[in-house]
Amino acid sequence: MRERFSLFLVLFLLAAGAADAQSPHERRGARIAEEQATMPGGQTMAYGKAPLQTLDFWAGRGAKVPLVIFVHGGGWKRGSKDNATGQFKAPHYTGLGYAFASINYRLVPDATVEQQAQDVADAIAFLRGKAPALHIDPDRIIVMGHSAGAHLAALVGTDMRYFGRAGLKPDAVRGIIPLDGAAYDVAAQMKEAGRFMAGTYEQAFGTDPARQKALSPTLHAAQPNAPAFLILHVDRADGTAQANALAAALKAARTPVEVHALDGRGLRGHMQINRHMGDPDYSGTIIVDAWLGKLFG
């Protein structure tokens with residue numbers, strides 16, 4: 001029984017995204033994590049030398065198809081492509097004819113958030129470099145991320161130093177889709193952090209205001225940026241405020257951006273937006289599909 005409880009606790013920690021474990025939610029979190037098994041059949045590839053610099057790739061239909069890249073969440077310190085992608089994304093996007101990839105990145109504390117963002121950019125560059133062999137169109141790529149992965153996707157989409165070090169230009173992707181992220185403005189997020197999250201944010205971003213500013217997508221939203229953003233959030237006070245502030249900064253820079261509030265509240269909604277994305281009946285899937293249809297043509 002003790003071993004079974006320990007397994008459930010581990011599964012909850014992986015499923016909870018940016019939120020730390022809270023005992024009242026452990027059993028429900030374990031069930032959700034078990035539902036998040038990804039679609040089998042993905043081809044695993046290494047985009048770097050570190051064990052976590054890997055990705056899973058599912059081919060699309062056709063000779064030169066669009067690509068959706070997913071960046072998992074987990075508070076910058078946990079989660080992986082194997083348990084935090086969700087069961088719907090790969091079959092849904094490949095069913096639309098797109099290719100799909102879910103990437104791993106090195107985790108805090110063994111890596112910094114700066115290195116994580118570089119991992120995301122390097123994975124994009126790796127997939128673009130293999131475009132002919134993978135039958136993907138390097139000019140029709142979008143990056144989607146959830147929770148901490150939403151922050152990392154937004155960061156590489158606004159701070160072009162990461163793309164630059166990967167040999168990429170700002171238009172290396174068509175767009176960025178952050179799903180219920182926070183910490184788009186790190187210092188503002190840390191001021192609002194409750195006791196369950198304070199340690200997670202300090203471990204990821206430290207206490208140096210200059211570093212916190214450097215890791216804030218909202219504060220990098222002046223041009224150049226990725227060409228377009230679709231920001232989705234649920235009913236969480238911090239996530240809503242952070243999403244709207246990022247959208248406002250992008251609009252001020254004349255970067256095309258849409259922001260949508262979806263059903264779901266708090267931690268439960270935070271997990272639902274990831275778990276249900278790709279479910280054809282989910283409102284978020286409908287919004288994303290329409291946006292991808294416009295971008296990909």
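**Note on the predicted fold: sheet, covering helices and cores**

1. Leaving aside neighbours within four places in sequence, Gln272 is in contact with Gly264, Met277 and Tyr282, where contact means heavy atoms within 4.5 Å. Gln272 sits in helix H12, residues 266–276. At 17% relative accessibility Gln272 counts as buried; the term covers residues under 20% relative accessible area, with exposed over 50% and partly exposed in between (1.4 Å probe, protein chains only).

2. On the basis of the model: it is predicted, local features need pLDDT of at least 70, side-chain atom pairs count only at pLDDT 80 or more, and totals for chains, interfaces and linings use all residues. Residues are numbered from 1 along each chain as its sequence is written, and side-chain values use heavy atoms, with hydrogens and water left out.

3. Overall content. The protein has 13 helices and 8 strands; helices (H or I, at least four residues) and strands (E, at least two) are DSSP runs numbered from the N terminus. Of the 297 residues, 56% are buried. Among contacts with a separation of 6 or more, 77% are between residues 24 or more positions apart.

4. Parallel pairings around E3 and E5. Strand E3 (residues 65–71) pairs with strand E4 (residues 99–103) in the parallel sense over 5 bridges, and Phe70 stands opposite Ser102 in E4. E3 also pairs in the parallel sense with E5, over 6 bridges; Ile142 in E5 is the bridge partner of Val68. E5 and E6 run parallel, joined by 5 bridges, with His146 opposite Leu179 in E6. E5 is mostly covered, 9 of its 11 residues being buried.

5. Nonpolar cores. A nonpolar core is a set of buried Ala, Val, Leu, Ile, Met, Phe, Trp, Tyr and Cys residues joined through side-chain atoms within 4.5 Å. The largest has 60 residues, of which Phe57, Leu67, Trp76, Leu127, Ile136, Phe163 and Phe205 touch the most other members. Apart from it lies another core, of 24 residues, among them Trp58, Phe100, Leu179 and Met277. Not counting residues up to four places away in sequence, the residues that Leu67 touches include Phe57, Phe100, Leu127, Arg140 and Phe296.

6. Aromatic pairs. Rings of Phe, Tyr and Trp (its six-membered ring) pair if their centres lie within 6.5 Å; planes under 30 degrees apart count as stacked, over 60 as edge-to-face and the rest as tilted. By this rule there are 6 aromatic pairs. Trp58 and Phe100 form a tilted one, 5.6 Å centre to centre with 45° between the planes. Trp58 lies in strand E2 and Phe100 in strand E4, so the pair ties together parts that are 42 residues apart in sequence. Trp58 is buried, at a relative accessible area of 6%, and so is Phe100, at 0%. Trp58, Tyr93 and Phe100 form one aromatic cluster.

7. A pair involving helix H13. Tyr98 and Phe296 form an edge-to-face pair, 5.0 Å centre to centre with 80° between the planes. Tyr98 lies in the loop between helix H3 (89–95) and E4, and Phe296 in helix H13 (residues 283–296), so parts 198 residues apart in sequence are tied together by the pair. Tyr98 is buried, with a relative accessible area of 12%; Phe296 counts as buried at 5% relative accessibility.

How values were computed
Two strands pair if DSSP finds at least two bridges between them.
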